[in-house]
Amino acid sequence: MTQIYFYSGSNDKLQTACRLCAKAVKQNMKIMIYSPDATVLERLNELLWTFSPTSFIPHCTIQDDPQLLNVTPVILSDQIPPDSHYDVLLNLHQQHPPLFNQFNRIIEIAGVSHEDKLAARGRYRFYKDAGYEIQHFNLD
């Protein structure tokens, strides 16, 4: 069954996403970062190049060459193709992602704004009501 990990209290969701990606890449996991918002994916693309002065997280977009997708550990995507072969889905959308149950692990990040907290509670409730066990980490 898919494991759900919630990280709440993030002051900067994209920085948190970069840190979590770096950790997953060190564990040899393949990660898809999902957001239907192109602006979020563009900002994250830039940040993955620069967030750490001593490291780089190899990444590309779902539109890149299929051979590149096969060898790149982090994929930025505005869609979730059926039968995706990734270990982790990091969701940066305000709603639960489609086809989430084809991943081993879902990572959700909740920011500190009232709007973001409400959206995260909705996603949390969705997973809980669907019978998933949720691990929660408070970043405060």
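The lining of the second largest pocket in this predicted model is made up, by class, of five nonpolar, four polar and three charged residues. The volume of this second largest pocket is about 200 Å³. Among the residues that line the second largest pocket are Phe6, Ser8, Ala110, Lys117, Tyr124, His136 and Asp140. Strand 1 (3-10), strand 6 and helix 4 are the elements that each give two or more residues to this lining. Helix 4 contributes the most, with four residues.

The largest pocket has a volume of about 250 Å³. Its lining consists of 13 residues, and Lys13, Leu14, Val40, Arg43 and Asp116 lie nearest its centre. By class, the lining of the largest pocket holds four nonpolar, five polar and four charged residues. Helix 1 and helix 2 (38-50) each supply at least two residues of it.

Next come the charged pairs. Side chains of opposite charge can pair when their charged atoms come close. The count of salt bridges comes to two. One of them joins aspartate 116 and lysine 13, with the closest N and O atoms 3.0 Å apart. Because aspartate 116 lies in helix 4 (residues 114-129) and lysine 13 in helix 1 (residues 13-26), this pair ties together parts that are 103 residues apart in sequence. Aspartate 116 and lysine 13 are both buried.

Another salt bridge is formed by the side chains of glutamate 108 and arginine 123, at 2.5 Å from N to O. Glutamate 108 sits in strand 6 (residues 105-111) and arginine 123 in helix 4, 15 residues apart, and the pair links distant parts of the chain. Glutamate 108 is buried, as is arginine 123.

Notes
Residues numbered from 1 in each chain as written. Predicted model: local features only at pLDDT ≥ 70, side-chain atom pairs only at ≥ 80, totals over all residues. Heavy atoms only, no water. Salt bridge = Lys/Arg side-chain N within 4 Å of Asp/Glu carboxyl O. Buried < 20%, exposed > 50% of the residue type's maximum accessible area, 1.4 Å probe, protein only. 1 Å grid on protein atoms, 1.4 Å probe; cavity = no way out; pocket = protein on both sides within 12 Å on 5 of 7 lines; lining within 4 Å. Points joined across faces, edges and corners; volume = space filled by probe spheres on them. Nonpolar A, V, L, I, M, F, W, Y, C, P; charged D, E, K, R; others polar.
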